[in-house]
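Subject: Structure handover

Hi,

Here is the structure I promised to pass on. My notes follow below it.

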Amino acid sequence: MPRPWPRTKGVVQATAKYFLFVDGDPGYLVHDPEDEAADEAAEQAMDKVYDDSTLIGVAGSAVLVGHLEDVVDLCLIVKAFRTAPPQRTAGWDQVNEVSIVSRSGRLTVPEMGEGGEVGAGAPMPNLAIAGKGRYRLRVYVRVDDSGEEQHLVAVFPGASGKRLKLKR
């Protein structure tokens, strides 16, 4: 996959294939794994993922990101920034931005465990680079000509609670 934003390097970043359940996995989580209410937040986010056709469900310290196509895996790039990156929407099918909270100072995407079937196929970094607090999570989604779905998740500190639909 061609790297999006090759000149805009995040403080931390990673690229991995994200493996989904074969039978209708709703998507992947970006969450605070150490939040005591993480499981409940993830469940609430799942309930909201298809509410307003942005494919993003938000509940406190968990964001569930859905997918556009019926895929079993997708290319996932995560980048954390100290400030909001430019809102480059050209070449993307959908771009949405939401708020997420890190109560422990961690935000990450679950990795696929040993013998697992679901999760990121490579280690994912801590995206809460400013520690505990409120962050903005901007999700870029596109499907290329070969049918591969690609996601870029940009995370940066931000207090706004607004949900923004930047492209669609």
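The structure holds two aromatic pairs. Rings of Phe, Tyr and Trp (its six-membered ring) pair if their centres lie within 6.5 Å; planes under 30 degrees apart count as stacked, over 60 as edge-to-face and the rest as tilted. Y18 and Y28 have ring centres 5.4 Å apart and planes at 50°, so this pair is tilted. It links distant parts of the chain: Y18 lies in strand 1 (residues 12-19) and Y28 in strand 2, 10 residues apart. Both Y18 and Y28 are buried (under 20% relative accessible area, 1.4 Å probe, protein chains only).

A note on sources. This is a predicted model: local features need pLDDT of at least 70, side-chain atom pairs count only at pLDDT 80 or more, and totals for chains, interfaces and linings use all residues. Residues are numbered from 1 along each chain as its sequence is written, and side-chain values use heavy atoms, with hydrogens and water left out.

Now the sheet. Three strands form an open sheet in the order 2-4-3, with antiparallel pairing. Strands are DSSP runs (E, at least two residues), numbered from the N terminus; two of them pair if DSSP finds at least two bridges between them. Strand 2 (28-31) and strand 3 (56-59) stand at the edges with a single partner strand each, so one side of each has no neighbour in the sheet. Strand 3 pairs with strand 4 (residues 62-65) in the antiparallel sense, over four bridges. V58 stands opposite V63 in strand 4.

Best wishes

How values were computed
Buried means under 20% relative accessible area, exposed over 50%, partly exposed in between (1.4 Å probe, protein chains only).
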